[in-house]
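Dear colleague,

I am handing over the structure below, together with a summary of what was found in it. Please read the notes with the structure open beside them.

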Amino acid sequence: MNRLLTITILCAFGASCGETGGTFVEVPFEARGTAPEPFTKDGWEVTLSEATLGFGPIYFCATDSALSSRCEVAILEFLDGVTLNGLEPAAQTIGSLFGTTGTVRTAFFDYGIVWLLTQPLPEALSGVPGGPAVVRSENPNYVPEGHSARLSGNATCVADQEICCPGEATCPASYAFEANVDVLVVNAGTPAVNGLRTLQEITTEPRTLTITFDPTAWWRSVDFSRLAGLDDGSGQVLLEPEDPDYSALVIAMTTNAPPTFTWLGSTAEPQLVNESGELR
Amino acid sequence: MKNDGVMKKAGLGCIALVGLAAAGCGSDGGGSGNGNLSVLLEAEETIVDGLQSGTGEENILDGFDVEFNRYIASFGFVQMAQIDGSNPQSSSVVGIADLTSLPTTLPQLTAFTGIATGQYTEFGFETPAPEADVVNINSVPAEEVDAMVANGWSFVIEGTITQVSDGATKSFLIEADVPTVYSACAVEGLEPGVNVSANSSVDLTLHGDHIFFNGFPEEEGNVQRLAQWLWDVEDTDGDDVLTRVDFEAATDVGSLFPSPPQGVYELTGGPITPINDAWDFIRAQLGTQGHIFGEGECEWSPL
């Protein structure tokens with residue numbers, strides 16, 4: 001795609017699509033988790049006990065498009081990897097976003113594993129769980145190491161066995177579950193999460209960005225009855241990549257329950273912009 | 001943007017273009033100038049010829065053939081503008097066509113006549129819910145048109161999937177509202193939009209293979225076409241046809257669309273979030289299949 005096309009697309013429909021050569025800005029960047037509220041699904045009461053997350057890098061773009069190729073230059077970016085506690089609601093410092101003034105409309109990011117166009121394999125960044133490390137996911141014996149998420153919790157049957165384990169002769173009263181998730185991409189040069197919408201006019205006014213994760217939400221799409229069937233009597237279940245619920249977690253992390261963004265100005269009032277990029 | 005570490009900490013240099021978003025600007029084909037643009041409808045060969053199992057770039061990789069018996073779609077609301085939003089043109093025409101049986105000479109949806117010549121850098125169209133005044137492009141049966149109008153369907157897609165290993169088949173019927181707004185259409189390597197001269201045309205092209213894509217990729221060259229998910233959807237109501245009720249019941253998205261490393265699906269970045277079932281996936285993929293001139297990409301709106 002040529003440059004003119006990209007510029008045209010970035011500006012399409014936008015009365016104010018950012019100014020040429022904006023002013024340099026630095027935006028403090030922090031994370032919050034979400035306290036693990038128990039939830040009940042299919043007769044199972046589920047509580048998370050650990051959600052150690054790998055995160056970064058992240059790019060904020062002016063384009064509406066979910067195609068990262070249409071964001072050749074980011075407005076703001078954070079290029080490092082960090083480890084976060086996804087169950088800790090208190091603010092956790094990530095660092096600073098660097099960039100320029102302009103209108104942010106979308107975010108693209110990875111969960112700590114990056115596959116550069118210039119590299120043959122994905123790599124877990126320094127700073128994320130188990131990083132830095134080459135992720136040899138092409139190896140048939142590859143076992144995810146939880147560079148993106150190390151999740152664990154407990155499920156307890158609080159309904160009739162027929163509800164918790166339909167059609168099964170036996171059913172554990174409870175079991176502990178664990179998932180070490182590496183969020184990978186199919187093609188090099190693409191982020192794991194594309195075009196997550198977040199509208200914000202970036203000015204020189206002091207401002208902070210908070211990204212909030214809710215790992216419990218990721219588990220709401222998991223089939224705990226199916227997981228119970230994986231319990232070999234030890235009371236422990238480890239999700240493997242071939243388990244559909246491992247994919248369900250990845251889909252939740254990247255698509256169905258991604259983190260949310262909160263931009264706060266110095267007055268602690270969020271500054272929002274409408275679809276035209278105008279402050280409202 | 002590429003994750004190749006070359007992103008610069010510099011401001012986005014944007015030329016302030018006011019897009020074609022302004023509703024009501026321009027007119028239904030009228031203008032002042034010597035330019036004429038005919039807007040034609042085109043079907044990708046995957047719609048006409050189906051998709052075949054195989055290992056080629058355009059093949060379904062996991063052992064299925066797919067044929068479409070009907071691929072009825074609603075097109076319309078073509079909009080375009082020159083640079084800086086000048087000479088905006090729009091058409092309120094909406095047409096329905098069965099893309100499996102378009103004539104060899106591509107049919108015209110609408111036309112702009114007597115407009116300014118030159119490059120219209122913004123070009124887009126929609127796949128809207130048709131209304132009673134919809135134009136029947138190629139003799140779609142009246143009952144089909146009436147059903148689409150009554151239900152707000154942009155698409156009626158009927159087909160068959162065949163498991164090559166044993167020849168077993170399943171039928172599917174997709175009747176879907178997918179009111180996508182396509183914008184910023186461009187052919188790679190050319191100026192964005194369309195060029196209007198005294199006698200010019202643009203093809204609006206729908207691709208029939210997107211519901212078999214493994215995600216919402218940057219480039220179709222990186223895509224993999226897979227159909228196991230469709231085969232795995234259960235006929236919950238026992239009517240021998242996979243329909244919306246069956247697709248909505250297919251909620252085990254981790255099983256249907258396995259993520260790397262086990263699978264190759266990436267569901268991020270599509271026009272629908274969340275994707276909770278196969279119906280969401282179908283609608284999301286249908287909302288990405290609009291192109292111009294065959295392979296020219298357009299931006300799609302969220303659904």
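Please note at the outset that this is a predicted model.

Sheets of chain A

Chain A contains an open sheet of eight strands with mixed pairing, in the order β14-β8-β4-β5-β7-β1-β15-β17. At its edges stand β14 (193–202) and β17 (260–265) of chain A; each has a single partner strand, so one side of each is left without a neighbour in the sheet. From one strand to the next, the twist averages 25°.

Strand β8 (residues 102–109) of chain A pairs with β14(A) in the antiparallel sense, over six bridges. Within β14(A), L196(A) is the bridge partner of A107(A). Although β14(A) is an edge strand, seven of its 10 residues are buried, so β14(A) is largely enclosed by the rest of the structure. Further along the order, strand β4 (residues 58–61) and strand β5 (residues 76–78) of chain A run antiparallel and are joined by three bridges. Here F60(A) has L76(A), in β5(A), as its bridge partner.

A further open sheet in chain A consists of three strands in the order β9-β10-β11, with antiparallel pairing. Its edge strands, β9 (113–114) and β11 (133–134) of chain A, pair on one side only. Two bridges connect β9(A) with strand β10 (residues 123–124) of chain A in the antiparallel sense, and V114(A) has E123(A), in β10(A), as its bridge partner.

Two covered helices

Helix α5 (residues 244–256) of chain A deserves a look for its length. A straight helix of 13 residues would span 18 Å at 1.5 Å a residue, whereas α5(A) spans only 15 Å between its end C-alpha atoms. This helix is also mostly covered, with 13 of its 13 residues buried.

In chain B, helix α6 (residues 278–286) is mostly covered as well, nine of its nine residues being buried.

Chain B has six helices and 16 strands. Of its 303 residues, 51% are buried. Among the contacts in chain B with a separation of 6 or more, 75% are between residues 24 or more positions apart.

The largest nonpolar core has 151 residues, and those touching the most other members are Y59(A), L249(A), F155(B), A227(B) and A278(B). Strand β2 (residues 64–81) of chain B gives the most to this core, with 10 residues. In soluble globular proteins, nonpolar side chains tend to be buried together.

One residue of chain B

Is D49(B) buried or partly exposed? With 13 other C-beta atoms within 10 Å, D49(B) is partly exposed. D49(B) lies in helix α1 (residues 45–49) of chain B. In sequence D49(B) and T100(B) are 51 residues apart, while in space they are 8.3 Å apart, C-alpha to C-alpha.

With kind regards

Note on methods. Residues are numbered from 1 along each chain as its sequence is written. Chains are lettered from A and ligands numbered from 1 in the order in which they are written. This is a predicted model: local features need pLDDT of at least 70, side-chain atom pairs count only at pLDDT 80 or more; totals for chains, interfaces and linings use all residues. Two strands pair if DSSP finds at least two bridges between them. Helices (H or I, at least four residues) and strands (E, at least two) are DSSP runs, numbered from the N terminus. Axes are lines fitted to C-alpha atoms, for helices over the stretch in contact, and angles run from 0 to 180 degrees between N-to-C directions. A residue is buried if 20 or more other C-beta atoms lie within 10 Å of its own, exposed if 12 or fewer, and partly exposed in between; C-beta atoms are placed from the backbone. Two residues are in contact if their C-beta atoms, placed from the backbone, lie within 7 Å. A nonpolar core is a set of buried Ala, Val, Leu, Ile, Met, Phe, Trp, Tyr and Cys residues joined through C-beta atoms within 7 Å. The expected span of a helix is 1.5 Å times one less than its number of residues.
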